[in-house]
Amino acid sequence: MGWFSGHYNLRNKLIVISGGSQGLGASIARLCVERGANVYIVARTEWKLQKVVKSLKESILDPDQIVGYVAADLSKQAECARVYETIGQVPDIVMCVAGLSLPGLLLEVPSESFETSIDCIYKSSLYFSVEALRVISKAPKSAEPRHITLFSSVVAFLGFIGYGSYSPLKQAVRGLADVLRQEAIPFNVKVECVFPGNIDTEGFENEEKTKPEITKQIEGPSDVMNPDKCAELILSRLDSGQQMVHTDAIGWILNGLMLGSSPRTHGVFLTLTGFILSLVVPIWNLIVNNQIKTYFKKREELAASINNNEVEDDEQVENDEELEDDQGLEDESSSSQLLN
Ligand SMILES: NC(=O)c1ccc[n+]([C@@H]2O[C@H](COP(=O)([O-])OP(=O)(O)OC[C@H]3O[C@@H](n4cnc5c(N)ncnc54)[C@H](OP(=O)(O)O)[C@@H]3O)[C@@H](O)[C@H]2O)c1
């Protein structure tokens, strides 16, 4: 193991990946298999898991390599425990990739979406990592550290309008990593937290459907990363020993806004960046608050004009009906005249 590599060995390791049935999780699973790891993927939808496992088996390096899946809803703690019982061995690496994003303005997000977000983002990370630690804590300590890797998001560092059911939960995942990192020390387990930017996945495609216009405006045009490239980058940064992993420069810069007690990647520079950001952010807030005011004003104007049009339409319908009634009376009298 060199100073800057070999901190996250995959070969011959048992790796369990939640959210491995699609997107980033599936890309990570493929790379792990290609590098000689035994891999189990976990998600709720069994047919998707079967499809991914079938394609993963085509990438194995040697015939003894294990590739399997367990279908489970990880928002339930008992289900998480069942996953590890089913696998029946102590994992070397657990990656909690499962998650989703359902953006929307807080007053407009349906209550079920809040519940789903809490379940699939926070509870799935909490229960899956805690049950992993429980299994590891009962096993003999390994010479090489084991790993539990949590997946947060760059918006954990900067929450803004439209991400009310996402950003606070990803902040909670980061907070969970900080606590877990300390509680895992006696078991020789290292805890990492990954903060991806936008990745071109099924989840991201879904997110775009409900993302409010103002959220897109504030985000600006952002590069969307290919999931395979993103997976490769994440694994190489983990291998270099980073505990707070960013997938783009903006993620690392924004980390400067929220340093807390988490480990710091390129700490001196990040701390300096944090200081500079503390001067810039009040100006950013002014700009964004103006954008938000303009957005709501336009929405009000649009709603008012739709209302006016509806009133005009109603009046038009009433006029038309009156005209038709008058016409009907005239027609009746003319037809009765004709009859007479
Ligand atoms: N894509 C992005 O732009 C982006 C950006 C920043 C952070 N991230 C984070 O990176 C991770 C991967 O993102 P992605 O875009 O690849 O996600 P994705 O395409 O939506 O895939 C999510 C995976 O999680 C599984 N999952 C969700 N809820 C689950 C539950 N309750 N129990 C078990 N499995 C569950 C899904 O399978 P089932 O639905 O079948 O259960 C699926 O396999 C997520 O944590 C996401 O928040 C993504």
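**Exercise 1.** State how far apart the centres of domain 1 and domain 2 are, and describe the contact between the domains.

*Solution.* The centres of domain 1 and domain 2, taken over C-alpha atoms, are separated by 41 Å. Domain 1 spans 14-265 and domain 2 spans 267-340, with bounds from an automatic or database domain assignment. Next, 13 residues of domain 1 contact 11 residues of domain 2 (C-beta atoms, placed from the backbone, within 7 Å). On the side of domain 1 that touches domain 2, α7 (213-219) and α9 (249-255) each contribute at least two residues. That side comprises eight nonpolar, four polar and one charged residues.

The model is predicted: local features require pLDDT of at least 70, side-chain atom pairs count only at pLDDT 80 or more, and totals for chains, interfaces and linings use all residues. Residue numbers start from 1 along each chain as its sequence is written.

**Exercise 2.** Which residues come nearest to the ligand, and which helices supply its shell?

*Solution.* Among the 31 residues around the ligand (C-beta atom, placed from the backbone, within 6 Å), Gly 19, Gly 23, Arg 44, Gly 99 and Gly 203 come nearest. Helices α1 (23-34), α4 (111-138) and α6 (202-210) each provide at least two shell residues. By class, the shell holds 11 nonpolar, 15 polar and five charged residues; Gly counts as polar.

**Exercise 3.** Describe how strands β2 and β3 are joined.

*Solution.* Strands β2 (residues 38-43) and β3 (residues 67-71) run parallel and are joined by five bridges (pairing requires at least two DSSP bridges). Within this pair, Val 42 stands opposite Val 70 of β3. Together with helix α2 (residues 46-57), β2 and β3 form a right-handed β-α-β unit.

How values were computed:
Contact = placed C-beta atoms within 7 Å. Helix = DSSP H or I, 4+ residues; strand = E, 2+ residues; numbered from the N terminus. Right-handed = clockwise from strand over helix to strand, strands pointing away.
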